[in-house]
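I opened my notebook to look up some details of one structure. My entries follow in the order I made them.

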Amino acid sequence: MRPVKHHRRWLVTGATAGLIALTPGTALGWGTPGESNGQTQVSGSRSGNRLESRITYTGAITGSTAQRTGAVQPVGDWTPPACWYEPRSADEFSTYVENMYDETVNTPGQHSYAKTAVGMFRNQYKDGEYKDYNLDKKDEGTWWVAVQDEDRWMEPEAQLCDKQPFWVENGEAPPVKDAVTPKILAELAYNRVRLPSTEVSLAPAGTTKVNLPTWAWLDKAAFRSVSVTASLNAGGLNIQATTTAKPVALTLEPGTADAETHPASGTCVFNADDSIGEPYTKGKADRTPPCGITYLRSSGDGTFPLRATVTWDITWTGTGATGGDLPDGTFGTTQAVTVQEIQSVNR
């Protein structure tokens, strides 16, 4: 599969009976950063002749401008869909194909195979298997077209939605497994959740000592549930889904094997008030922290890379009382810790 030589991206795919056709790609237009509450919206729309996804996203997709944020990483090998099918009205589809045809055949230097392919594609829906894009029965059904996640269009998974645009009568289910549903919207929203950084508070701060317990904690104000809602209102289909990530655990990796974590597993669970660990206060020096690290050797002239990773439980709800669980996600950051030997004075 290769792009047609063109300023717009049209994907050339093989079809039955030797027919070569162009199927529409997609671009997801990212909005500008949101306000301090991290709320913004992005959407797909028509850009020139390019048929784009009509899915819109609202919620925690950029994070606070005062916070570092990052994308959630699924636990395991699961990934959100790289392509799917969306509906378009007969009017929208006919306009798209005609514009694509005109632009392709009139572009100077365009390859002849591209002109031939787009002409065959147009003929199929205008004068061949279908007549005039089914405009005479536009109230009786919709066209379904393949779209791709713009950030992943070169991945093999994005090429799996290779069915040419097809007509679906009202009341009938699209005959493809990747037709957009609330669950697919939830999975796409998963990929757009942005989480706060996980730099933990430490005591002692900055520099700690060998064999001295280092207390670690996270402020409850920084770690709350975050949600992204994906919505699609196109071709008579109006559905949405909200994906919510809730923090459930913090895992500490000291950056050296010469250290002990507290608890021994290195995983600290969230408290009832959504904080994690316990801030150090005077008088706790002889106690073992509920969340922390004891380094057993110094870092010398350097530092140890302490990795702090938060695990998020992710669920979704959608149109038609749908919902369920999605794979847990993680997001972590690394911070430098200096560990020094305790100095003793001989008298």
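**Entry 1: His 262**

I began with the contacts of His 262. Leaving aside residues up to four places away in sequence, His 262 touches Cys 268, Thr 288, Pro 289, Pro 290, Cys 291, Gly 292, Ile 293 and Thr 294. Contact here means heavy atoms within 4.5 Å. I noted that this is a predicted model, where local features need pLDDT of at least 70, side-chain atom pairs count only at pLDDT 80 or more, and totals for chains, interfaces and linings use all residues. Residues are numbered from 1 along each chain as its sequence is written, and side-chain values use heavy atoms, with hydrogens and water left out.

Where does His 262 lie? I found His 262 in strand β16, residues 259-262. Helices (H or I, at least four residues) and strands (E, at least two) are DSSP runs, numbered from the N terminus. Is His 262 buried or exposed? His 262 has a relative accessible area of 13%, so it is buried. The scale is this: buried is under 20% relative accessible area, exposed is over 50%, and partly exposed is in between (1.4 Å probe, protein chains only).

The side chains of His 262 and Thr 294 make a polar contact of 2.8 Å. I wrote down the rule: a polar contact is a pair of N or O atoms within 3.5 Å; within protein, one must be able to donate a hydrogen and the other to accept it, and residues adjacent in sequence count only if both atoms are side-chain atoms. I also looked up Gly 277, which is 15 residues from His 262 along the chain, with 9.8 Å between the C-alpha atoms.

**Entry 2: cis peptide bonds**

His 262 and Pro 263 are joined by a cis peptide bond, with omega about 0°. Pro 263 is in the loop between β16 and β17. Another cis bond runs from Ala 203 to Pro 204, with omega near 5°. I located Pro 204 in the loop between β11 (201-203) and β12 (207-209).

**Entry 3: disulfides**

How many disulfides does the structure hold? I found two disulfides. A disulfide is a covalent bond between the sulfur atoms of two cysteines. The cut-off is a pair of cysteine sulfur atoms within 2.5 Å.

Cys 268 and Cys 291 form one, with sulfur atoms 2.2 Å apart. Cys 268 is in strand β17 (residues 267-269) and Cys 291 is in the loop between β18 (276-277) and β19 (292-295), so this pair links distant parts of the chain, 23 residues apart. The torsion about the S-S bond of Cys 268 and Cys 291 is about 85°, so this disulfide is right-handed. Cys 268 counts as buried at 4% relative accessibility. Cys 291 counts as buried at 1%.

Cys 83 is joined to Cys 161, S to S 2.1 Å. Cys 83 lies in strand β7 (residues 83-88) and Cys 161 in the loop between β8 (141-148) and β9 (166-169), so the pair ties together parts 78 residues apart in sequence. The link of Cys 83 and Cys 161 is right-handed, with 80° about the S-S bond. Both Cys 83 and Cys 161 are buried.

**Entry 4: rings**

I counted 12 aromatic pairs in the structure. Rings of Phe, Tyr and Trp (its six-membered ring) pair if their centres lie within 6.5 Å; planes under 30 degrees apart count as stacked, over 60 as edge-to-face and the rest as tilted. Which residues do ring pairs link into a cluster? They are Phe 93, Phe 121, Tyr 125, Tyr 130, Tyr 133, Trp 143 and Trp 167.

Next I checked charges over rings. The charged end of Arg 122 sits over the ring of Tyr 101, 4.2 Å from its centre. The charged end of Lys 163 sits over the ring of Phe 166, 5.3 Å from its centre. The rule is NZ of Lys or CZ of Arg within 6 Å of the ring centre and within 35 degrees of the ring normal.

**Entry 5: confidence**

I ended with pLDDT, the predictor's confidence in each residue, from 0 to 100. The protein chain averages 82, and 81% of the residues score at least 70. Over residues 1-50 the pLDDT is below 50.
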